4 protein chains.
Amino acid sequence: MLLVMHKEATDEQIDSVMSTVTENGYTPHPIPGGERLSIGILNNKGPVDGSKFLALKGVKEAIPVTRPYKLVSREFKGEDTVITVSGVNIGNGGPTLIAGPCAIESEAQALTIAERVQESGAHIFRGGAFKPRTSPYSFQGLGLEGLEILSRVREKTGMPVVTEVLDYENFDMVEQYADIVQIGTRNMQNFSLLRRAGLCKKPILLKRGFAATIDEWLMAAEYILAEGNAQVVLCERGVRTFVNHSRNTLDLSAVPVVKRESHLPIIVDPSHAAGRRDQVIPLSRAAVAVEADGLMVEVHNAPEKALSDGPQSLYPEQFHLLCRQVQAIHGNLHENGFGGDAVSA
Amino acid sequence: MLLVMHKEATDEQIDSVMSTVTENGYTPHPIPGGERLSIGILNNKGPVDGSKFLALKGVKEAIPVTRPYKLVSREFKGEDTVITVSGVNIGNGGPTLIAGPCAIESEAQALTIAERVQESGAHIFRGGAFKPRTSPYSFQGLGLEGLEILSRVREKTGMPVVTEVLDYENFDMVEQYADIVQIGTRNMQNFSLLRRAGLCKKPILLKRGFAATIDEWLMAAEYILAEGNAQVVLCERGVRTFVNHSRNTLDLSAVPVVKRESHLPIIVDPSHAAGRRDQVIPLSRAAVAVEADGLMVEVHNAPEKALSDGPQSLYPEQFHLLCRQVQAIHGNLHENGFGGDAVSA
Amino acid sequence: MLLVMHKEATDEQIDSVMSTVTENGYTPHPIPGGERLSIGILNNKGPVDGSKFLALKGVKEAIPVTRPYKLVSREFKGEDTVITVSGVNIGNGGPTLIAGPCAIESEAQALTIAERVQESGAHIFRGGAFKPRTSPYSFQGLGLEGLEILSRVREKTGMPVVTEVLDYENFDMVEQYADIVQIGTRNMQNFSLLRRAGLCKKPILLKRGFAATIDEWLMAAEYILAEGNAQVVLCERGVRTFVNHSRNTLDLSAVPVVKRESHLPIIVDPSHAAGRRDQVIPLSRAAVAVEADGLMVEVHNAPEKALSDGPQSLYPEQFHLLCRQVQAIHGNLHENGFGGDAVSA
Amino acid sequence: MLLVMHKEATDEQIDSVMSTVTENGYTPHPIPGGERLSIGILNNKGPVDGSKFLALKGVKEAIPVTRPYKLVSREFKGEDTVITVSGVNIGNGGPTLIAGPCAIESEAQALTIAERVQESGAHIFRGGAFKPRTSPYSFQGLGLEGLEILSRVREKTGMPVVTEVLDYENFDMVEQYADIVQIGTRNMQNFSLLRRAGLCKKPILLKRGFAATIDEWLMAAEYILAEGNAQVVLCERGVRTFVNHSRNTLDLSAVPVVKRESHLPIIVDPSHAAGRRDQVIPLSRAAVAVEADGLMVEVHNAPEKALSDGPQSLYPEQFHLLCRQVQAIHGNLHENGFGGDAVSA
């Protein structure tokens, strides 16, 4: 249930409504809007009877929320959420381009790649300092040293940086260095990590679990919003199926479905979906064609020597081509006023 | 193994090579090219020693074929196959647009829809006369009456028509009326039907089985080519996964993979993948963005009254919007010379 | 809707009810029972109003059927169907053991294996004469010669034989030689083949499609029953998943679900599920432990030389061990009166 | 590479070998055996040349390890690992029966269920104090209070208890109260949690991720062993597939495969696989028939009132029936000496 307050509602009226919600055994959640405040009613175990709240002073409307997720749903918030980090927008129309190596290997490597992808049009730099690896004996990332390198990349290029946090223990450290904190596919239902992300002051990039339904994914985002952090970017990265010509199967219909269900921005990672360089450019074009809000792409200056995920990393010149192609598709769609069909159709 | 003959090879030399292949226990398969003939060596159970054939007069090269499929592979035939039906090309660059209702319900219905989709830009009309239905008690299609209606649609609109054949028994009848004969997802490994299709003089539209790997799909096409019919259009239509927000999961990476592996054209059916109208337009844009050679889309003038698959059928005005959008994307890609990256990357 | 007639209902009353059903636009389907006749009402497009039939003379009860499948459902027929072929029962409690090679290769091979499996306890011999092969260049079976060998195996051993039919065209021939006609996993939704099987006078072994839901599978069986052949044995053989340590994933919960939903017997094929010899014995024990009505197992006297599916074929001595183990499990369950929990729980 | 030392090898020789391994850039891992010590060589990036180690004094054999997992593999340790907790064995022939409610709701509930399942034959009590829930608004478990109730159940019944740990932060607390610490399906690749489990002095029950391959699962266990905790019990609990008649698809072939690949015990959780009460007993029988070392089953005295997972919880009298059935199957298999075929076949 969402209680929409009148524009002229007083603070006193708002407080009174909040108290009444609490007295009825629910949790009130204020959601500031452009012109008016709404108050979400959470923790109900069944349908909420709106009539008792409609009678309160200052309440304009009581809108039932039919989904298991609340704060992330379009029912709670109709307008698209736009996330801004160091002047870069995500969710504001264009495809925001995030690029960089799978893992930070050295300052030279990181800077070389950062400069190349920036020239081509990347807005945000990505690079792993802590790497989730299937084997305990594989390269686990440079850790703190990797985070420091990311800082220097930001200083030299001006690009904000996104990097993955693997666990609660290192969250403070990662939060300090990153502009956007990434939660990976294997941690999508690591609920204590999600709650910690909800206390973070920086935006969270939440990857879809490789075998998660959209409901489960949005509920994972709900954990973050429920703790107070409304800056969440969703990232589709392929799901596990019987198909064997790509590492995962990119589920592009997730983009229009998420856009219909939620106000949060959604981007696409074609690199982890494909697992092979030669599918990355076509899938990037497709992602922009379904109106994803951005792309996250792995690029390496010497993929054959990469410490992880070399086979799926683009060469810098391929990323350059990718940028030109997706910008052309995006520009064209918007010139022709084709935006928004996913939501309205 | 593929034996490439010299441009100047004589008929006598060719016959002699064919005989030698046969004498070695293999099956020779002549493949005419623009300037020269090639001879495929089939039915080998292991690697073929090319040296014995290289010594024969007229043989220029012996190229090993590393794939289980032969005639459909790019190794056998490097250039794209273009299929032409009543002046409409498939595989020649552009997105060929196929549209129409799931099932032919009446002449009025078929003609109404045909005229609407043609106005919007459709090149080929689709409509089922024989419908594969999960339940024996569901509407099974109008049969011969449906085929006759398709004929009249062709007469009145000039558009070629594609319709599904369900079985060997009705193949002659369907072949007589259809311009392109469709083999559906459930019949992708109906091998006697595939062999019959190999004897057909008309192009075959071969849908991917909803749980088939690309290797299995190309092997199914190989059955058709091995019988002598080289006019096969492949159609990706989604695969069955755990995902529940769409009926199937559209596997768009299949497009670049098939284009790399095979010279056959490949189109995409977003309607059966999605199973829901509101995903069809975004997925159509994505399909064109990965350079599918065409689309096959379900359109109905009154989807809510359709005898089958109403929820996934577009309204005619939605199809009109779809055409404008995919033409814009396609035009843009080709203006900028972006074609062919899937193959060359 | 199922109309249950009184024990004493006259032929005249029955005819009258049948006519009334027809007049109401439905199809009546008489189902003989031990003591009384029932009449199924098919081809309804929504709920049927039973009151108009209850008023007819001779009608005792009108039972709504809630499932999309009718004739195969437990609602239509409460007691288990038992299928008897040459004195061997399927569905009558015990695990009926079907064994033999993937493909019939020669009379010597077939007889050698048949004698070995019969000694160990097999009741029915299996062997493919027509083989569905992914590649057109693979061994396709001996055809008619294979069927003749199967006849001689039956003559010499007294065991009934089961073999696969691939297509409508060869159905008459296969039907003439086989005691049970098998429809394979790739043909589970080959509807014209299913309809032909419905006209067959011999039992049909219907394998589950490797990506079919149970509803789709039971609907496929419904096609056969709807044409008049009520002798259908279902066979679970694994489904396609992301799992890579076995060829398919054996779905053993299908057994209790099918037993609850349908009166038809269900057996299990562990060989095609596993695709590897070393999983076949444990999975066979598991299948008997979930109360499958039988097993179908591939056995070859020289698996390493088998023309198809060698790696999953048991050695005869392994099949011997398998028989002893599953008989022990089965005997034990029934001694302790544990049968039937799947249905009643 | 595994270096097997002579029985008579001296401490000095062992130290010297360890040093040499380190000097070569690898990590030595001593593995005590009954009669002799072995030294595993970890952190190699390619094949290790054994000859240089064979020449060292005290080294008897150098065995290459072909799998990506080392310490968990049968190559490293041939004999089955048996885990003993409060006198209960897991992996010693078995089936060890673990039962209890999904979540601890109150002391009365826990004790009532514990007494009932113990009477029926359960060896270990299960109950969740911290619950991983898809929704942040669902009941999350009693936390510390739940752990204290578990302690009292242990005191009163003498049964050891297993409960899930959700995160690093609460590990100390859970470790203090639990006899076996469970890591759930969503945390199977929560690597910092796995590393913490490796430092735990108590056995770890590691559930398979619902979309994990066996390789990934064994690598997760390797994380725990690599930190020093060799007491790991694996638990198969179903994988996510397209199948819709059960919540997950129980993958029973995982049991023989894991037993072949690893020395660790493996049990089966049929409750979470099925998601429905009526499949639990048949699947339990099947799990014992494939020689799982135990079962973990949800039982509730009033499933219809359970705070979580009620529909899959057995009634106590159903668990009683389950125990009798699986004991009969197990006893029978072992009387007949059928054990061990999975490994030896």
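Colleague: In which sense do strand β1 and β4(B) of chain B pair, and over how many bridges?
Modeller: In this predicted model, strand β1 of chain B covers residues 2–5 and has β4(B) as a partner. Within that pairing, Leu3(B) stands opposite Ala62(B) of β4(B). The sense of the pairing is antiparallel, and the number of bridges is four.

Colleague: Which strands of chain B are the edge strands of the open sheet?
Modeller: The open sheet of chain B has four strands with antiparallel pairing, in the order β2-β3-β1-β4.

Colleague: What angle does helix α1 of chain B make with β3(B)?
Modeller: The twist of the sheet averages 25° from one strand to the next. Helix α1 of chain B, residues 11–23, packs on this sheet and touches β1, β2, β3 (37–42) and β4 of chain B. The direction of α1 in chain B makes with that of β3(B) an angle of about 10°.

Colleague: How far apart do the C-alpha centres of domain 1 and domain 2 of chain A lie?
Modeller: Chain A is divided into two parts, with domain 1 running over 2–63 and domain 2 over 83–344. The C-alpha centres of these two domains of chain A lie apart by 36 Å.

Colleague: What kind of axis relates chain B to chain A?
Modeller: Chain B can be laid on chain A with an RMSD of 0.1 Å, by a turn of 180° and a shift of 0.0 Å along the axis. That is the relation of a two-fold axis. The copies meet through the same surface, because the interface residues of chain B are also interface residues in chain A to the extent of 100%. The residue of chain B that comes closest to the rotation axis, at 2.0 Å by its C-alpha, is Ala286(B), and the axis itself is two-fold.

Colleague: Which residue of chain D comes closest to the rotation axis?
Modeller: Chain D is superposed on chain C by a rotation of 180° with 0.0 Å of shift along its axis, at an RMSD of 0.1 Å. At a C-alpha distance of 2.0 Å, the residue of chain D closest to that axis is Ala286(D).

Technical notes
Residues are numbered from 1 along each chain as its sequence is written. Chains are lettered from A and ligands numbered from 1 in the order in which they are written. This is a predicted model: local features need pLDDT of at least 70, side-chain atom pairs count only at pLDDT 80 or more; totals for chains, interfaces and linings use all residues. Domain bounds come from an automatic or database domain assignment. Copies are superposed by least squares on the C-alpha atoms of residues with pLDDT of at least 70 in both. Two residues are in contact if their C-beta atoms, placed from the backbone, lie within 7 Å. Two strands pair if DSSP finds at least two bridges between them. Helices (H or I, at least four residues) and strands (E, at least two) are DSSP runs, numbered from the N terminus. Axes are lines fitted to C-alpha atoms, for helices over the stretch in contact, and angles run from 0 to 180 degrees between N-to-C directions.
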